[in-house]
Amino acid sequence: MPITHTVEPENCLVKLCVSGRLTVVESLAAVDEVVADPLFEPGYGILSDHRAIEEPATPELIRAMIGHMQARAAALGAARMAVIVSHPASFGMMRMLQARAEGIGLPVRIFKDETAARRWLATPA
């Protein structure tokens with residue numbers, strides 16, 4: 001599976017590492033795995049590292065993710081999401097995610113650096 005996650009209770013966040021080629025099914029399953037993880041708490045920050053993907057997300061995947069995350073809003077709580085990208089095409093697709101996530105109340109920011117992403121997640125909303 002190209003998506004793995006690690007919960008960091010000491011940092012109140014979950015880190016997703018995304019690699020290879022993404023599919024809608026695997027992406028939605030990753031969200032379900034995170035909210036089912038006994039270490040995950042509603043409101044934890046989400047740090048999604050996309051630097052190792054082979055191709056950027058598609059508009060279809062973005063739409064599916066937004067719908068899936070909206071359906072799991074109670075489990076996610078007041079989460080914020082930081083996405084780390086290294087490719088310009090991935091940056092563009094994550095901007096689409098950012099714009100659509102505003103509609104469901106999920107703040108998303110895009111970064112090229114993990115330190116900056118973690119710093120944003122650690123600051124109060």
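# Notebook: a first walk through the model

I started at Ile 53. Setting aside residues within four places in sequence, I found Ile 53 in contact with Val 18, Ser 19, Gly 20, His 87 and Ser 90. The model I am reading is a predicted one. Ile 53 belongs to strand 3. I looked up its cover next: the relative accessibility is 6%, so Ile 53 counts as buried. I also checked Ile 53 against Pro 2. The two are 51 residues apart in sequence, and their C-alpha atoms are 8.3 Å apart in space.

**Stepping back to the whole chain**

I then wanted the overall plan. I counted five helices and five strands. In sequence order I read β-β-α-β-α-α-β-α-β-α.

Does the radius of gyration agree or disagree with that of a compact globule? For 125 residues, a compact globule would come near 14 Å, and the protein has 13 Å, which agrees. The C-alpha trace spans about 30 × 30 × 30 Å along the principal axes.

I noted how much is covered. Of the 125 residues, 44% count as buried. The exposed surface comes to about 6400 Å², with 57% of it supplied by carbon and sulfur atoms.

I looked at contacts along the sequence too. Among contacts with a separation of 6 or more, 78% are between residues 24 or more positions apart.

I have 12 positive and 14 negative side chains in my notes. The centres of the two sets lie 9 Å apart.

**Following the strands**

I went back to strand 3, residues 45-53. How many of its nine residues are buried? Seven are, and the strand is mostly covered.

I traced its partners. Strand 2, residues 13-20, pairs with strand 3 in the parallel sense, over seven bridges. Here I marked Cys 17, which stands opposite Asp 49 of strand 3. Strand 4 also pairs with strand 3 in the parallel sense, over four bridges. Ser 48 stands opposite Val 83 in strand 4.

Strand 4 covers residues 81-84. I looked at where its side chains go. Met 81 and Val 83 point one way, while Ala 82 and Ile 84 point the other way. All of these are buried.

From strand 4 I moved on to strand 5, residues 108-111. The two run parallel and are joined by four bridges. The bridge partner of Ile 84 in strand 5 is Phe 111.

**Two helix residues**

Gln 98 sits in helix 4, residues 88-102. What does Gln 98 touch, not counting residues up to four places away in sequence? I found Val 108, Arg 109 and Ile 110.

Then I turned to Ser 27, in helix 1, residues 24-36. Is Ser 27 buried or exposed? Its relative accessible area is 6%, so Ser 27 is buried. Beyond its neighbours within four places in sequence, Ser 27 is in contact with Ile 3, Leu 22, Leu 61 and Met 65.

**Two loop residues**

I checked Asp 37 in the loop between helix 1 and strand 3. Asp 37 has a relative accessible area of 18%. Buried means under 20%, so Asp 37 is buried. Apart from neighbours within four places in sequence, Asp 37 is in contact with His 5 and Val 7. I also took its distance to Glu 102. The pair is 65 residues apart in sequence and 25 Å apart in space, C-alpha to C-alpha.

Cys 12 has 44% relative accessibility and counts as partly exposed.

Key. Residues are numbered from 1 along each chain as its sequence is written. This is a predicted model: local features need pLDDT of at least 70, side-chain atom pairs count only at pLDDT 80 or more; totals for chains, interfaces and linings use all residues. Side-chain values use heavy atoms; hydrogens and water are left out. The radius of gyration is taken over C-alpha atoms; the globule rule is 2.2 Å times the number of residues to the power 0.38. Buried means under 20% relative accessible area, exposed over 50%, partly exposed in between (1.4 Å probe, protein chains only). Contact means heavy atoms within 4.5 Å. Accessible areas come from the Shrake-Rupley method with a 1.4 Å probe; for residues, only the protein chains shown count as cover. Lys and Arg count as positive and Asp and Glu as negative; His and the chain ends are not counted. The place of a charge is taken as NZ of Lys, CZ of Arg, CG of Asp or CD of Glu. Two strands pair if DSSP finds at least two bridges between them.
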